[in-house]
Amino acid sequence: MQDASALGTTQTVAYDATVAITNAFGAQTRMVRLVANSACHYHIYEAAGTATATAADPLLPALWVEYVIVSPGQKISAIKAATAGSITAAAGTLWVTEVVT
């Protein structure tokens, strides 16, 4: 269960088979809330780091809310999940909401 926190800026990331990237997280951001309308893989990285999300990165199932610890200035990228088992690859949108202190 997530304790109550102040929600900050929400960024939307349209993703497909190519990498989609957000702006850097704000100076007060210590956590982000993620939700996507189709299954995707996401990659959190330092602004000077590698932006490429791959199928080896964490999977976020469709319509699943996940909270992830981040540092100010980091970014997130996403790609659609590969078709496998019960997951069907589909382009979609990732909503990234900053949780601020």
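**Sheet architecture and nonpolar core**

In this predicted model, four strands form an open sheet in the order β1-β8-β3-β6, with antiparallel pairing. From one strand to the next, the twist averages 25°. Within the sheet, β3 and β8 are joined in the antiparallel sense over 7 bridges, and A36 lies opposite L94 in β8.

The largest nonpolar core comprises 16 residues, of which Y15, V32, L34, L60, I76, L94 and V96 touch the most other members. Two or more residues are contributed to this core by each of β1 (6-15), β3 (29-36), β4 (40-45), β7 (75-80) and β8 (92-100). The greatest contribution is that of β3, which supplies 3 residues. The contacts of L60, not counting residues up to four places away in sequence, are with L34, V35, A36, S38, A39, C40, Y42, E66 and L94.

When residues up to four places away in sequence are not counted, R33 touches L7, V65, E66, Y67, W95, V96, T97 and V99. Among these contacts of R33 is V96, one of the core residues that touch the most other members. The C-alpha atoms of R33 and P72 are separated by 14 Å, the two residues being 39 residues apart along the chain.

Terms used:
Residues numbered from 1 in each chain as written. Predicted model: local features only at pLDDT ≥ 70, side-chain atom pairs only at ≥ 80, totals over all residues. Heavy atoms only, no water. Core = buried A, V, L, I, M, F, W, Y, C linked by side-chain atoms within 4.5 Å. Buried < 20%, exposed > 50% of the residue type's maximum accessible area, 1.4 Å probe, protein only. Contact = heavy atoms within 4.5 Å. Pairing = 2+ DSSP bridges. Axes fitted to C-alpha atoms, helices over the stretch in contact; angles between N-to-C directions.
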